[in-house]
Amino acid sequence: MSDQHIAPVAPVLPVAAHEPPYYAVVFTSVRTEEAERDGGYGSTAERLGELVQEIPGFLGEDSAHTPGGLAVTVAYFRDLAGIEAWRQHAAHREAKEHGQAHWYERYALHIAKVEHSHGFQRARG
């Protein structure tokens, strides 16, 4: 197969720093074997990633999955109203219920107020 048939990989970039205050929703989880085999997890996560962008005050999301099985997602919101709107979103609530029944061994959710934020980007020569 030639290289022209390989889709380019988008660069992985952290969410840019925003003017504080804002909020970080930290979701850490260990998934079940069903979720690791997919079981609809990937398509649901992709759909929710698109839907959350429609929530007023959503600033972005960072996500990582360690080889040991810990997944960490940090979603940033301008205010608590945006977090509550996402918490109440029908598709998000449905995914949460399904996740508790099928996709998660355990998870924890932490909401923190960001009081300082800055970033760095290496200059390209």
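Student: How many salt bridges does the count come to?

Tutor: The model is a predicted one. Side chains of opposite charge can pair when their charged atoms come close. With a cut-off of 4 Å between a side-chain nitrogen of Lys or Arg and a carboxyl oxygen of Asp or Glu, the count of salt bridges comes to two.

Student: Which residue forms a salt bridge with arginine 31?

Tutor: The closest N and O atoms of this pair are 4.0 Å apart.

Student: In which helix do arginine 87 and glutamate 84 lie?

Tutor: Their side chains meet in a salt bridge, at 2.9 Å from N to O. Arginine 87 is partly exposed at 46% relative accessibility, and glutamate 84 is partly exposed at 34%. The two residues are three apart, about one turn of the helix, and both lie in α3.

Student: Which residue of β3 is the bridge partner of serine 63?

Tutor: β2 and β3 run antiparallel and are joined by seven bridges. They form a hairpin with four residues between them, and glycine 69 in the turn has a positive phi of about 105°. Within β3, serine 63 has as its bridge partner threonine 73.

Student: What is the volume of the largest pocket?

Tutor: The lining consists of 30 residues, with Phe27, Leu48, Trp86, His92 and Tyr104 nearest the centre. Elements giving two or more residues to this lining include β1, β3 and α3. By class, the lining has 18 nonpolar, seven polar and five charged residues. The volume of the largest pocket is about 900 Å³.

Student: What is the volume of the second largest pocket?

Tutor: This pocket is lined by 15 residues, and Pro14, Val15, Ala16, Ala17 and Phe120 lie nearest its centre. Its lining has nine nonpolar, five polar and one charged residues. The volume of the second largest pocket is about 300 Å³.

Notes: Residues numbered from 1 in each chain as written. Predicted model: local features only at pLDDT ≥ 70, side-chain atom pairs only at ≥ 80, totals over all residues. Heavy atoms only, no water. 1 Å grid on protein atoms, 1.4 Å probe; cavity = no way out; pocket = protein on both sides within 12 Å on 5 of 7 lines; lining within 4 Å. Points joined across faces, edges and corners; volume = space filled by probe spheres on them. Nonpolar A, V, L, I, M, F, W, Y, C, P; charged D, E, K, R; others polar. Pairing = 2+ DSSP bridges. Buried < 20%, exposed > 50% of the residue type's maximum accessible area, 1.4 Å probe, protein only.
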